[in-house]
Amino acid sequence: MTLLELTDVTASYGPVQVLEGVSLSVPDGGAVGILGANGAGKTTTLRAISGVVRTGGGIVFDGQSIRGLRPDQVAARGIAHVPEGRGTLPNLTVRENLLVGAYLRKDRRAIAGDIDYLLDLFPNLHERIGSNASALSGGEQQMLAVGRAVMARPRLLLLDEPSLGLAPSTAKNVYDAIRRLRLESGIAMLVVEQNANLAFGIVDTATVLETGRSVLTGTSAELRGRDEIRRAYLGG
Ligand SMILES: Nc1ncnc2c1ncn2[C@@H]1O[C@H](COP(=O)(O)OP(=O)(O)OP(=O)(O)O)[C@@H](O)[C@H]1O
Ligand SMILES: [Mg+2]
């Protein structure tokens with residue numbers, strides 16, 4: 001079953017249209033990548049889904065149009081967005097940041113269980129549970145941002161360049177945890193990533209964006225095999 005379907009989505013910042021026609025679909029429980037050069041519109045595609053930019057075209061989630069909904073309404077439908085730059089709350093502790101992610105929930109016992117699960121998934125956070133987010137390393141902040149999003153018990157996670165600015169070994173740790181989360185939780189994922197080697201480790205299919213349009217979609221294996229993808233996104 002298709003969980004999220006974008007059909008010829010357009011988006012503008014004020015008078016400037018930056019998405020010209022993005023189409024992609026995420027199956028329930030599936031993981032889909034978005035590849036593309038700087039400025040191609042990857043972040044804007046996630047913002048269009050989250051309702052923070054003005055959009056046209058079709059955005060259907062779980063069988064219902066969500067285009068034009070406010071960000072809080074989109075979140076309440078079960079979509080959690082981990083933005084570029086992470087957006088953790090610097091003056092709150094790791095635990096408090098995780099609890100912020102669960103603010104719509106009332107099931108205290110399940111919330112505590114989810115925190116335990118996330119601290120097992122991200123052992124670095126376990127050690128820093130009482131520290132302010134501002135004191136965390138970049139990798140730890142990324143883990144916290146993912147953890148906070150998962151605390152909402154979403155059906156779909158939007159991840160914007162989880163590896164950005166991280167050392168290769170740290171980026172690999174983050175991706176290993178996301179892979180495990182995917183297997184254990186069944187949460188569907190839409191992952192923006194410039195490092196296609198990392199993305200192909202967790203996604204089933206990916207869509208390539210060029211100047212605001214989706215130009216190519218394929219399975220990870222198909223895309224890995226294409227010369228232009230290897231040259232542009234796989235370092236040779
Ligand atoms: N707030 C904004 N106001 C006006 N134009 C914007 C704004 N944010 C992004 N843009 C423009 O929209 C286009 C797409 O930007 P977007 O951030 O979606 O690209 P991206 O693929 O995520 O790039 P990157 O890989 O650098 O993160 C770019 O030309 C960018 O300059
Ligand atoms: Mg971006």
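## Helix H1 and its covered residues

In this predicted model, the buried residues of helix H1 are Lys-42, Thr-43, Thr-44, Thr-45, Leu-46, Ala-48, Ile-49 and Ser-50, where buried means under 20% relative accessible area, exposed over 50% and partly exposed in between, with a 1.4 Å probe and protein chains only. H1 is thus mostly covered, with 8 of its 9 residues buried; helices here are DSSP runs of H or I with at least four residues, strands are runs of E with at least two, and both are numbered from the N terminus. Just after H1, Gly-51 adopts a positive phi of about 85 degrees.

Residues are numbered from 1 along each chain as its sequence is written, while chains are lettered from A and ligands numbered from 1 in the order in which they are written. Local features need pLDDT of at least 70 and side-chain atom pairs count only at pLDDT 80 or more, whereas totals for chains, interfaces and linings use all residues, and side-chain values use heavy atoms, with hydrogens and water left out.

## The magnesium site

The magnesium ion (ligand 2) is coordinated by Thr-43 through OG1 and by Glu-84 through OE, at 2.0 to 2.3 Å; donors are N, O and S atoms within 2.8 Å of the metal (3.2 Å for Na, K and Ca), and sites may look incomplete because water is not among the atoms. Thr-43 belongs to H1 (residues 42-50) and Glu-84 to the loop between strand S6 (79-82) and H3, so the pair ties together parts that are 41 residues apart in sequence. Thr-43 counts as buried at 14% relative accessibility, whereas Glu-84, with a relative accessible area of 38%, is partly exposed.

The loop between S6 and H3 also holds Thr-93, which counts as buried at 15% relative accessibility. Leaving aside neighbours within four places in sequence, Thr-93 is in contact (heavy atoms within 4.5 Å) with Ile-129, Gly-130, Ser-131, Asn-132 and Ala-133.

Helix H3 (residues 94-101) packs with helix H6 (residues 138-150) at an angle of about 35 degrees, their axes being 7 Å apart; axes are lines fitted to C-alpha atoms, for helices over the stretch in contact, and angles run from 0 to 180 degrees between N-to-C directions. In this contact Val-94, Asn-97, Leu-98, Val-100 and Gly-101 of H3 meet Leu-144, Gly-147 and Arg-148 of H6.

H3 also packs with helix H4 (residues 108-121), at an angle of about 125 degrees and with the axes 11 Å apart. H3 and H4 are therefore oblique to each other, given that angles under 35 degrees count as roughly parallel, over 145 as roughly antiparallel, 65 to 115 as roughly perpendicular and the rest as oblique. Arg-95, Leu-98 and Leu-99 of H3 make this contact with Ile-111, Ile-115, Leu-118 and Leu-119 of H4.

Gly-139, Gln-142, Met-143, Val-146 and Val-150 of H6 make the contact with Thr-170, Asn-173, Val-174 and Leu-181 of H7.

Asn-124, in helix H5 (residues 123-127), is partly exposed, with a relative accessible area of 33%. Not counting residues up to four places away in sequence, Asn-124 touches Glu-140 and Met-143. The C-alpha atoms of Asn-124 and Met-143 are separated by 8.5 Å, the two residues being 19 residues apart along the chain.
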